[in-house]
Protein chains: 2
Amino acid sequence: MEKLIIEARVNEYAMRKHNPNVPWSSEEIARDAAACREAGASIVHFHARQENGAPCHDAGRYAETIARVHDVCDLLVHPTLGANTLAASKEGRLSHVLEMAKDKRTRPDFAPMDMGSTNIDAYDPVTRRYVTGDQMYLNSTDTLLYFAKEIRAAGLKPCAVAWNITYLRQALAFHEMGLLDDPIYLGLTLTEGKVLAGHPATAAGLDAYLINLPKTVPVVWTVYNYGGNLLNLADKIIAAGGHVAVGLGDHPYTELGAPTNAQLISKFADIARKHGRGVAAPGETRQILRMN
Amino acid sequence: MEKLIIEARVNEYAMRKHNPNVPWSSEEIARDAAACREAGASIVHFHARQENGAPCHDAGRYAETIARVHDVCDLLVHPTLGANTLAASKEGRLSHVLEMAKDKRTRPDFAPMDMGSTNIDAYDPVTRRYVTGDQMYLNSTDTLLYFAKEIRAAGLKPCAVAWNITYLRQALAFHEMGLLDDPIYLGLTLTEGKVLAGHPATAAGLDAYLINLPKTVPVVWTVYNYGGNLLNLADKIIAAGGHVAVGLGDHPYTELGAPTNAQLISKFADIARKHGRGVAAPGETRQILRMN
């Protein structure tokens, strides 16, 4: 079985109320990335953030962050398109990535493609109320066709993300159309807590994806748990040949004493070794994903 | 195991190219409904259609059709909200149903609630091209909250429809909020052919739903196969205690010689008897679903 690809999801839009170790600034993200690399990660996924933690959509900040990461370690870099740019045009959502790809100093390795659309209102199971009622995360087929073409033209590897089986089928259609190269780097989204848009973070929620993976299409699949603890499924994922994408962006891990991203990742590296897989270095991840 | 609820999905927006037996006019739908009742159906789901088969959004036509169905048989009636009214307001989408519910002659028994949003572009696997690129089927949480409240106030039973696990989770949240009564009448959507928005019409596509059904929530689940032959999964569904929603609206069944809806339904009734379940009459379906 191939070595485990650990993607560090260092911050998303997480605040520091429950865990002060979430990196926000370019410098913090770079320092965190280097520590995650030491702990076993081969990819860092980040969202640019303002000084107060608010989302930052400044292309310059993205570029500065990637340059700093490149300065301190050899992690592969996977920036977000920015969840708060939903109202933007498809060109606007991707432009910072395409711009950064032109310069080796700021060049990312991956770009995400969420392969469908869904309601994404938060639901509070304690009060039994929706927090919002009109939030949708929309990625039209036309938008996805544009992303696939441009991400390939820029020489980056798309991370095709599924939030449910409908997204998985759209990803497989794109592969059949020749728009996603072998192997598909496929993110399987589980969600816990207030977000119901992914599969539940249970064995059944994961199995619902796995039993629907095609046998004839090369897929390298990785699992997120947005809003919950991914360790609960780590043995199952790693034993089944999957990979993990994990970090304080998804969950503060207060139940583990609010660790740093690197401390968290070292736990997954330990489990990979226990299963005889070991962790993939960035160069090995490139090979597994057949990246240039 | 309870008797099998067969819902006849008599026409949707199917044309007659592959099967001339699709009913369009109110009279045709009523005549077809009566034959489906004889064959074992207890619910009829229909879309109003114009003389040439085009979608009809005339509230009067819906009312006329239900009145005619009531005249000729005791089938429970489940009208659509109209797939082509997507651009309409939430009030506009439901108004014909609420209006009809006021008069016993035109009163429906069910109204559908598709519990989420998705891309719904058709994909042609032969040419490997999307037929459209901007089609989304949107049901915001606010819209669904409105539907749940109004459908209950009108005394109708909602059919909560899942196109994937995300929809299933939203349906379960609505149940937890007390907005869906026990048991949930839950439609599990499989799609075949050009529509990729549901789960694949395979054992794995169905199992992905079934392993995620909650053990503590009363659910009466039924299965559609939009775009394909539901008979392939009939034994599995019926043995597992599920119900079926099937008809020429979903698939022309040319592989069976282009049968009528009633002829098709009789095949499912035969399978129900083979499994020792028998078919539920309309009154028995009311009891199973605890309808007034």
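Colleague: How many of the 8 residues of strand 12 of chain B are buried?

Modeller: This is a predicted model, in which local features need pLDDT of at least 70, side-chain atom pairs count only at pLDDT 80 or more, and totals for chains, interfaces and linings use all residues. Residues are numbered from 1 along each chain as its sequence is written, chains are lettered from A in the order in which they are written, and side-chain values use heavy atoms, without hydrogens and water. Buried means under 20% relative accessible area (1.4 Å probe, protein chains only); strands are DSSP runs (E, at least two residues), numbered from the N terminus. Strand 12 of chain B, residues 219-226, has 6 of its 8 residues buried.

Colleague: Which strands pair with strand 12 of chain B?

Modeller: Two strands pair if DSSP finds at least two bridges between them. Strand 10 (residues 184-191) of chain B pairs with strand 12 in the parallel sense over 8 bridges, and B:Thr189 has B:Tyr224 as its bridge partner. Strand 13 (residues 243-246) of chain B is also parallel to strand 12, over 2 bridges, with B:Val223 opposite B:Val244.

Colleague: How many residues of chain B are in contact with chain A?

Modeller: Contact means heavy atoms within 4.5 Å. By that rule, 44 residues of chain B touch 44 residues of chain A.

Colleague: What area is buried between chain B and chain A?

Modeller: Buried area is the accessible area (1.4 Å probe) that two parts lose on being put together, summed over both. Here the value is about 3400 Å², with 55% given by carbon and sulfur atoms.

Methods: Buried < 20%, exposed > 50% of the residue type's maximum accessible area, 1.4 Å probe, protein only. Helix = DSSP H or I, 4+ residues; strand = E, 2+ residues; numbered from the N terminus.
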